[in-house]
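Hello,

Here is the structure for your files. My notes on it follow below.

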Amino acid sequence: MVVVPVRAGAPNDRASRAADLVAGTLSELYDGGFVDPQGWDRSVPDRVWDAFAPAIRSRAREDATSFTVAALPANVRRMHVATSSLTVRVLMGPNGSAEAAVAGLTFEAEGALESGEGVAVSSHATLLLRPIEGRWRIIAYPDTGTRIALPPPAPEVRGPSAALAPVAAGPGGTR
Amino acid sequence: MTRRAGSGRGPLELAAGLDRDRRRRARLRGRRITRVGIAAIVFAVALSTTLGLLGQGAPRRALAEQHAVELHAAHDASYVPVARGDGPLFILALGSDARPGQNVLRERADSIHIIGVDRRRERATILGFPRDSWVPIPGHGRGKINSAMSIGGPTLMVRTVESLTGIRMDYWMLTSFRGLSRMVDAVGGLVLDVPYAMNDPASHANLSKGVQRLKGWQALAFARNRKDTPQGDFSRSLNQGRLFLAALAQLRSEFRSDPGRLLTWMVTGSRNLHTDLAFDTLLDLAITASQVPPSAVNNLVAPGSSGWVGSASVVFLSGRASGMYADMRADGVVG
């Protein structure tokens, strides 16, 4: 972990601890949403939504496809994170406690469907978090996005020129 | 299995630490903040690592081994909730004319604005008062509105505005000449459409007309200039509202490109504002402000006319101002 002060002041243990907790919340969110197919049954496990503040939880569920691949109709057998990065900026209040955090996260994962086909996922998110009801929870997600890539269908179906052709899909638009 | 990078503690220890913080915050939350931000620090904690999100220990099957992939789906989402509430929200925003060494809380108010927020419809009104407005000051007869602060600090200032308008203030916030200048500099200057050229030696306002990025001292000069304006005190108050709007537009724009900028604005504000807003409420308002388009905000000045009381030049607020107060009282906005 690298602690980088962006305002005057020495690195602060409480900021580091808060960053650990934020990382914990996000690990649970993305672990549950992307990496752990054991908990999926073509729906998102409830524990995933615990990362969100109660006030925005129902809205986050509406945007589920941005936070998880668990809602995909295709069965995912396994997922595996290839690369990831997380940056957490922590706002310290006047009493020295961590009041809010902005987290920037990116990762790329690879995996396999039950059919044996490969699947690649890349995701990014910028999230606002605050301590609510005993843990750091997401209070807003100004920017999130998930891209899912699959091998193209057999050439006789689509033709070789179809490879890498983008398929646009808005929120909620899954196969 | 998930392992948090950089953390050697177990979940129970982390939870216990957080509980201690929450209890301490709960004790402190009731305390009114008169000057926040001395200890406010933003840290960037960069965790650049494989997060430990590795799941099942399955052998890698890199898609690169396959000849081609196609984008199957792209899902983007964005949601930033604004502060909700049943009734309108009113904040009295003040600028003290204290010079270096003087008590910021006990000098005259050079800038006096009610910021009314209609939380239901996400609209707002900034209503300014000419500083020479001749008004009743509770317990002190009549006087210029700006003198209420030198007599009784922000508390009497709030009571004076409440008595004048019939609008109950939820919060107040106050900055100084130096505070304003520092805030503007800390956010990298403020982009403002200066409505007319200014050349006023008294305020040091020397600005050409048009859109430009102002440094802190220039923003302060713009806010203080009343001599080289079309309508003196009224124009000055309107220009001060323009600064609010410019800050709102800039916060909104910066938040869109980097939400982390909100933290910089919070630190800057908390270091240079005196307020009775709790820090977490200030943060809620800052998040809300980042979502409000300037086009949803009216910038107005209470109307009136200049006159004299003895040898003092004053402003007599008109009956039309009373109508604006009544309108604003209902839902937070005029119009």
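How many salt bridges does the structure hold over all chains? The count is 22, where a salt bridge is a side-chain nitrogen of Lys or Arg within 4 Å of a carboxyl oxygen of Asp or Glu.

Some conventions before the details. This is a predicted model, in which local features need pLDDT of at least 70, side-chain atom pairs count only at pLDDT 80 or more, and totals for chains, interfaces and linings use all residues. Residues are numbered from 1 along each chain as its sequence is written, chains are lettered from A and ligands numbered from 1 in the order in which they are written, and side-chain values use heavy atoms, with hydrogens and water left out.

Salt bridges

In chain A, A:R57 pairs with A:D50 at 3.8 Å, N to O. A:R57 is partly exposed, at 22% relative accessibility. A:D50 is partly exposed too, at 31%. (Buried means under 20% relative accessible area, exposed over 50%, partly exposed in between, with a 1.4 Å probe and protein chains only.)

In chain B, B:D118 bridges to B:R123, with the closest N and O atoms 3.7 Å apart. B:D118 is buried at 5%, whereas B:R123 is partly exposed at 24%.

B:D132 and B:R131 also form a salt bridge, at 3.9 Å between the closest N and O atoms. Both B:D132 and B:R131 are buried.

Nonpolar cores

The largest nonpolar core has 104 residues. (Such a core is a set of buried Ala, Val, Leu, Ile, Met, Phe, Trp, Tyr and Cys residues joined through side-chain atoms within 4.5 Å.) A:L26, A:Y30, A:F52, A:V90, A:L127 and A:I138 touch the most other members. Helix α1 of chain A, residues 13-35, gives the largest share, 11 residues. Another core lies apart from it, with 29 residues, among them B:F90 and B:I114.

A:L127 has contacts (heavy atoms within 4.5 Å) that include A:L26, A:Y30, A:F67 and A:I138, not counting residues up to four places away in sequence.

Chain A overall

Chain A has 5 helices and 5 strands. (Helices are DSSP runs of H or I, at least four residues; strands are runs of E, at least two; both are numbered from the N terminus.) Their order along the sequence is β-α-α-α-α-β-β-β-β-α. Of the 175 residues in chain A, 57% are buried.

Best wishes
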